[in-house]
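This report examines one protein model for a reader who is new to structural work. Please keep the sequence and the structure in view while reading.

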Amino acid sequence: MQSLGDPAKVSPREIRFYRPLAEKAAQCGVCFRRCVIKEGRLGFCNNVKNVGGRLYSLVYGHPCALNVDPIEKEPLFHMLPGSTIFCSATAGCNFRCQFCQNWEISQRTMWELINFDVSPGEVAQRAVEEGCRAVSFTYNDPIVFYDFMYDVAVQARQRGLRAIFHTNGTLNREPLLALLEVMDAAVIDLKGFTTKFYRRYCGGELIPVLDTLVRIRETGVHLEVVNLVIPTLNDDLDEIRQMCRWIRGNLGDDVPLHFIRFFPAYKLHRLPPTPVETLEAAVQIADEEGLKFVYIGNVPGHRRNSTFCPRCGKLLVERMHFFTLRVNLKEGKCPYCGEPIPGIWA
Ligand code: SF4
């Protein structure tokens, strides 16, 4: 793989989901923004360009990050504990989260970063060589490199690997359903539970995320939900209760839910880290609302990093932050009482 750096070397790929409009304009169909892009212009994410009335992905084959992570870092707690994943990311995003923890790539254009020049097959092969069990699309939102993500996932599965993606969940229905055909697991950020929060602090929308969560749940793709708890912005306990009720009512009681500790970042560096007591209060609410697998993230060593049997209370998967210390499951079930634990364990 070689570094790129020179935008003239970019070889764009026509995207799958768009429709041509009059006067060589075109409308991208990948995410909720449905950008109408005039000839020669870019979409909101800066990664899709209209060339002669056709839309092309500029970042296809040009990730800015290729990295091996523990699967627990995703966070993905009910899938292949203790394994590693091969992560890809590009520049750009379709949100503008003021608290983005990866803003140095997500809020940059590809011309501001050093990018790789690599095919989907090469990424998948590299994942195999690194001993990873899955490929992952993460750090920035993979919606903005949809076509590359899709093709890497296909190549990975052909090599016996799993495929997972971590997104804000604003894919439109058709590209989402197509993607789920080649994915094993999805991690979805539910960043808050009000439209006001999404618009003011994320530059996004809540309703498409809720639609995506329901759609994923309707398929066999494994789902985990992440809520970054930000002091004073989305830590209202009544709102958290409403969110937990919605999850239970629409996704079921066994979807893993991660409450993640916020650390000051990007435009919200004036805020303090989330108090651990706030995360514990959120967990207590989720427990009260009947959710069975609720975790605290970014607090290494906390008891709620680990998985307990919802029936008999025994420790099943012991974790320390991003690392699994011990797995005590028998064919996906609690070895003490036989309770099935949802996930991909083998
Ligand atoms: S993927 Fe990019 S170009 Fe397409 S609709 Fe979303 S923001 Fe617009």
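What pLDDT does the protein chain average, and what share of the residues score at least 70? The chain averages a pLDDT of 96, and 97% of the residues score at least 70.

## Confidence in the model

The structure is a predicted model. Residues 1–10 form a stretch where the pLDDT is below 50. In the model, this stretch has 17 contacts beyond near neighbours in sequence.

## Surroundings of the ligand

The ligand is surrounded by 13 residues. The closest of them are Cys28, Cys31, Cys35, Gly43 and Cys45.

## Helix H8

Helix H8 runs over residues 276–288 and has 13 residues. From its first C-alpha to its last it reaches 18 Å, close to the 18 Å expected at 1.5 Å a residue.

The buried residues in H8 are Leu279, Ala282, Val283, Ile285 and Ala286. Seen down the axis of H8, these buried residues fall within an arc of 160°, so they line one face of the helix. On the other side of H8, Glu277 and Glu288 are exposed. The cover over the buried residues of H8 includes strand E14 (222–229), helix H7 (237–251), strand E15 (257–261) and strand E16 (294–297). After H8 comes Gly290, with a positive phi near 95°.

## Helix H4

Helix H4 comprises residues 173–180, and its buried residues are Pro175, Leu176 and Leu179. They cover an arc of only 105° around the axis, which puts them on the same side of H4. Arg173 and Glu174, on the other side of H4, are exposed. Helix H3 (146–158) and helix H6 (207–218) are included in what covers the buried residues of H4.

## The loop between E8 and E9

Pro75 is placed in the loop between strand E8 (65–70) and strand E9 (84–89). A cis peptide bond joins Glu74 and Pro75, with omega about -5°.

Leu80 also lies in the loop between E8 and E9. Its phi is positive, about 40°, although Leu80 is not a glycine. Is Leu80 buried or exposed? Leu80 has 23 other C-beta atoms within 10 Å, and it is therefore buried, since the cut-off for a buried residue is 20 or more.

His321 is found in the loop between strand E18 (315–320) and E19. Although His321 is not a glycine, its phi is positive, about 60°. His321 is partly exposed because 14 other C-beta atoms lie within 10 Å; a residue is exposed at 12 or fewer, buried at 20 or more, and partly exposed in between.

Tyr336 lies in the segment after strand E19 (323–327). With 15 other C-beta atoms within 10 Å, Tyr336 is partly exposed. Which residues does Tyr336 touch, not counting residues up to four places away in sequence? Tyr336 touches Cys309, Cys312 and Lys314. Tyr336 and Leu315 are 21 residues apart in sequence, and their C-alpha atoms are 9.9 Å apart in space.

How values were computed. Residues are numbered from 1 along each chain as its sequence is written. This is a predicted model: local features need pLDDT of at least 70, side-chain atom pairs count only at pLDDT 80 or more; totals for chains, interfaces and linings use all residues. Helices (H or I, at least four residues) and strands (E, at least two) are DSSP runs, numbered from the N terminus. The expected span of a helix is 1.5 Å times one less than its number of residues. The arc is that of the directions from the helix axis to the C-beta atoms. Two residues are in contact if their C-beta atoms, placed from the backbone, lie within 7 Å. pLDDT is the predictor's confidence in each residue, from 0 to 100. A residue is near a molecule or strand if its C-beta atom, placed from the backbone, lies within 6 Å of it.
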